[in-house]
Amino acid sequence: RSAGAGYGRMTVEILVGPEGRVDAARVVEDKGHPCEPDVIRAARSITFIPGREDGTPVTTIMTFSTRL
């Protein structure tokens, strides 16, 4: 591979609880990639500012893509 060449993109869906912690994470695109467990582990290690509804923190589903 040339410098900077990657394997493509992986899309991950995460469920962020009202405390900002990731309650669940799953790959929704490019399943079965060898880096999948590491991407899930990285997603679970992030703490977010939770979504709010009428000023109250709520569970939120987020989707993000990462280049591998």
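A residue counts as buried under 20% relative accessible area, as exposed over 50%, and as partly exposed in between. E13 has a relative accessible area of 24%, so E13 is partly exposed. The legends below use these words for a predicted model.

**Figure 1. Overview of the predicted chain.**
The chain holds one helix and five strands. Read from the N terminus, the order of the elements is β-β-α-β-β-β. Of the 68 residues in the chain, 22% are buried. The chain exposes about 4,700 Å², and 51% of this area comes from carbon and sulfur atoms. Take the contacts between residues at least 6 apart in sequence: 56% of them join residues at least 24 apart.

**Figure 2. Confidence along the chain.**
The mean pLDDT of the chain is 88, and 90% of the residues reach 70 or more. Among the elements, strand β4 (residues 56-58) has the highest mean, 97. Strand β5 has the lowest mean, 90. Where pLDDT is low, predicted coordinates should not be read in detail.

**Figure 3. The open sheet of three strands.**
The strands stand in the order β2-β1-β5, and their pairing is antiparallel. β2 and β5 are the edge strands, each pairing on one side only. From one strand to the next, the twist averages 25°. Strand β1 covers residues 9-16 and strand β5 covers residues 60-67; the two are joined over eight bridges. β1 also pairs with strand β2 (residues 22-29), here over six bridges. In general, the strands of a sheet pair through backbone hydrogen bonds.

**Figure 4. The hairpin of β1 and β2.**
Five residues lie between the two strands of this hairpin. In the turn, G20 has a positive phi of about 90°. V16 has V22 in β2 as its bridge partner. A salt bridge joins E19 and R21, whose closest N and O atoms are 3.8 Å apart. E19 is partly exposed, because its relative accessibility is 46%. R21 is also partly exposed, at 49%.

**Figure 5. T11 in strand β1.**
T11 stands opposite S65 in β5. Is T11 buried or exposed? With a relative accessibility of 8%, T11 counts as buried, because the cut-off for buried is under 20%. Leaving aside residues up to four places away in sequence, T11 touches R26, V27, V28, E29, T63, F64 and S65. In a regular strand, side chains alternate between the two faces of the sheet.

R67 belongs to strand β5. How far apart are R67 and R9 in sequence and in space? They are 58 residues apart in sequence, while their C-alpha atoms are 4.4 Å apart. R67 touches G8 and R9, not counting residues up to four places away in sequence. The relative accessible area of R67 is 63%, so R67 is exposed.

**Figure 6. The salt bridge between R26 and E13.**
A search of the whole structure finds three salt bridges. In this one, the side chains of R26 and E13 meet at 3.0 Å, N to O. The pair links distant parts of the chain: R26 is in strand β2 and E13 in strand β1, 13 residues apart. R26 has a relative accessible area of 45%, so R26 is partly exposed. E13 is partly exposed as well, at 24%.

Helix α1 (residues 36-44) lies across β1, β2 and β5, and runs at about 145° to β2. D38 has 44%, so D38 is partly exposed.

**Figure 7. G51 in strand β3.**
Strand β3 covers residues 51-53 and includes G51. G51 has a relative accessibility of 23%, so G51 counts as partly exposed. Not counting residues up to four places away in sequence, G51 touches T56, P57, V58 and T60. G51 and I61 are ten residues apart along the chain, and their C-alpha atoms are separated by 9.2 Å.

Key:
Residues are numbered from 1 along each chain as its sequence is written. This is a predicted model: local features need pLDDT of at least 70, side-chain atom pairs count only at pLDDT 80 or more; totals for chains, interfaces and linings use all residues. Side-chain values use heavy atoms; hydrogens and water are left out. Two strands pair if DSSP finds at least two bridges between them. Helices (H or I, at least four residues) and strands (E, at least two) are DSSP runs, numbered from the N terminus. Axes are lines fitted to C-alpha atoms, for helices over the stretch in contact, and angles run from 0 to 180 degrees between N-to-C directions. Contact means heavy atoms within 4.5 Å. Buried means under 20% relative accessible area, exposed over 50%, partly exposed in between (1.4 Å probe, protein chains only). Accessible areas come from the Shrake-Rupley method with a 1.4 Å probe; for residues, only the protein chains shown count as cover. pLDDT is the predictor's confidence in each residue, from 0 to 100. A salt bridge is a side-chain nitrogen of Lys or Arg within 4 Å of a carboxyl oxygen of Asp or Glu.
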